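Dear colleague,

Please find below the structure for your records.

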Amino acid sequence: MIELENIVKTFSDGGENSVEALKNVSVSINDGDIYGIIGFSGAGKSTLVRCINLLEKPSSGTVKIDGIDITELKPKELREERKKIGMIFQHFNLMPSRTVIENIILPLKHSGLSKEEIYGRARYLLGLVELSDKENAYPAELSGGQKQRVAIARALANNPKILLSDEATSALDPQTTDSILKLLKKLNSKLNITIVVITHEMDVIKQICNKVAVMDQGEVVETGDVFDIFANPQEKLTKDFIKTTSNLYKLEDILSDNPDGISIQADDVVARLTYLKKDVSEPIISTVTKKFDLNLNILLADVEIVSGAPIGGTVVIFSGDPKNIEGAIKYLKDKSVRVDIINFDKETDKNE
Amino acid sequence: MNNSFAELAPNLSDKWADFIQAIIDTFIMELWAGAIVFIIGFIFGIILTVTRSGGILENKYIYKVLDIITNLFRSIPFIILLTALMPLSRLLMGTAIYIRGAIVPLVFGAVPFFTRQVQSALAQTSDGLIEAATAMGLSPFDIIIRVYLRESIGPLARATTITAISLLGLTAMAGVVGAGGLGDFAIRYGHDRNMTDITWATVIVLVIVVSVFQFAGDKVAKKNSHD
């Protein structure tokens, strides 16, 4: 359990200029969570994650790990605590003069283990990140994804309870990002390690997190289960982030790019249907078509699995009797489907 | 052979024993002063690195004092240091002349230079590595040994090479306080008595020594580079 309470962090240049990087932030992270913290650069997310292992010391507020306020610890106690918190970075931060295995054993220098045990542990970790054949390579000989795997193995050396990931996939290409995220997810379930993921990409949150906090200008503006946030975002910033990952929101672009490609009659209604419940087993579109005697033309559909449940929806054109369309929309809302009518002439969204 | 050598460099063959003694004197100065400079400059360079603003043992007072002292002694020309430090030499070494008298000014002349060299070598270690090491729970001492120094072997080897060569230049000047050595030998005979062959011989010896230093330094630097 990680509890950040009323964290304020002010950076000062010693003179009159000071920047409030974190303004009274409180976040609580449960054991076993993969907790995502998302925000644009400068939102304070990297500073916040560095408060968890006190690489940044908060100006005020408490950082409790399993009930112990680590801001009160003596330097030596803090170092012991840090061994229980692994960390990986955007630029990997591997020691260039050390081989892969020497990098992994670096945190184990004063662990009290024998040399055989240390190397055994390092080789086990190398196997876990699927890099056993690179034991004696130098970091410069590895690809970005391999470097991050070594960094993950190094972060796990002391068998930590918590793994902090600071933009760990931001310097990697999409396929490599995917494989690193899968690895993190595997480690989370296999080792039951709590993972805190800092990112500016909603895709990362969608792929592996179960909880998310959205940060903006030093404040947490929205938190919750990833599914709920995706199904029902409250803040504009959250909605903006979700838009970056869903095809449903590309409709406006498609319509404005291809005004002649889609024919829509005067009485037709274009709407975005979003599933709000974790259950879409019922064939809603089909039911509506029959029940209200309408034609539903699916323009776009995008359903993904988020936190183990399908989320997403479709963009459809309702054509038929306006009264029946109204009835159909009401029926859908009763079935916990959110209906956003898209009035693309004015290019604005009206939340019905 | 001996005859042709005597024809080619008559003065040098005449002063051969002095020439060998000058080489030995230069080496003694280089080694003694070099060893002391290496240790003190290393420690000062590390202290400046870790106490700087944002360093792992940030301490602006220690940093400021050491920074000012380093700048002060770097800006004094060596020829002035040689004479100005005579009282201190007498106090520490018992004499202000001969090789013993040259060690103190050589150390004062080279330590600030080497300190800056060490500082800039260590500054090449990226902040990310230090951050990663801190996050691992390594102590400041471990970070100095296992990260700063370990990751800087190449740049430190180059810094040592440059300093050793620059120190060799300083020992040549030490002849002013009667320390002897190659510089003094070249001035006394090569210049003052217009014995050109002695000047040339001195220069050749110095070129060889500098080349050996440079070769060894490059070798160490290359062996420890994995970029």
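Buried area is the accessible area, taken with a 1.4 Å probe, that two parts lose on being put together, summed over both. By that definition, chain A and chain B bury about 2,000 Å² between them, with 58% of it on carbon and sulfur atoms. A:Arg79, A:Met95 and A:Ser97 supply 25% of the area that chain A buries against chain B, more than any other three residues.

This is a predicted model, in which local features need pLDDT of at least 70 and side-chain atom pairs count only at pLDDT 80 or more, while totals for chains, interfaces and linings use all residues. Residues are numbered from 1 along each chain as its sequence is written, chains are lettered from A and ligands numbered from 1 in the order in which they are written, and side-chain values use heavy atoms, with hydrogens and water left out.

The interface between the chains takes 24 residues from chain A and 19 residues from chain B, contact meaning heavy atoms within 4.5 Å. Two salt bridges are found across it (a side-chain nitrogen of Lys or Arg within 4 Å of a carboxyl oxygen of Asp or Glu). One of them joins A:Arg50 to B:Glu131, with the closest N and O atoms 2.5 Å apart. On the side of chain A that touches chain B, the elements that give two or more residues are helix 2 (75-82) and strand 6 (85-88); helices (H or I, at least four residues) and strands (E, at least two) are DSSP runs, numbered from the N terminus.

Chain A itself is divided into domain 1 (2-235) and domain 2 (247-351), with bounds from an automatic or database domain assignment. Their centres, taken over C-alpha atoms, are separated by 39 Å. The two domains of chain A bury about 840 Å² between them, 63% of which comes from carbon and sulfur atoms. Of the area that domain 1 buries against domain 2, A:Lys206, A:Phe227 and A:Ala231 supply 73%, more than any other three residues. Zero salt bridges are found across this domain interface.

Finally, helix 11 (residues 284-292) of chain A has A:Ile284, A:Ile285, A:Val288 and A:Phe292 as its buried residues, buried meaning under 20% relative accessible area (1.4 Å probe, protein chains only). These residues lie on the same side of helix 11 of chain A because they cover an arc of only 100° around the axis, the arc being that of the directions from the helix axis to the C-beta atoms. A:Asp293, with a positive phi near 55°, follows helix 11 of chain A.

With kind regards

Technical notes
Buried means under 20% relative accessible area, exposed over 50%, partly exposed in between (1.4 Å probe, protein chains only).
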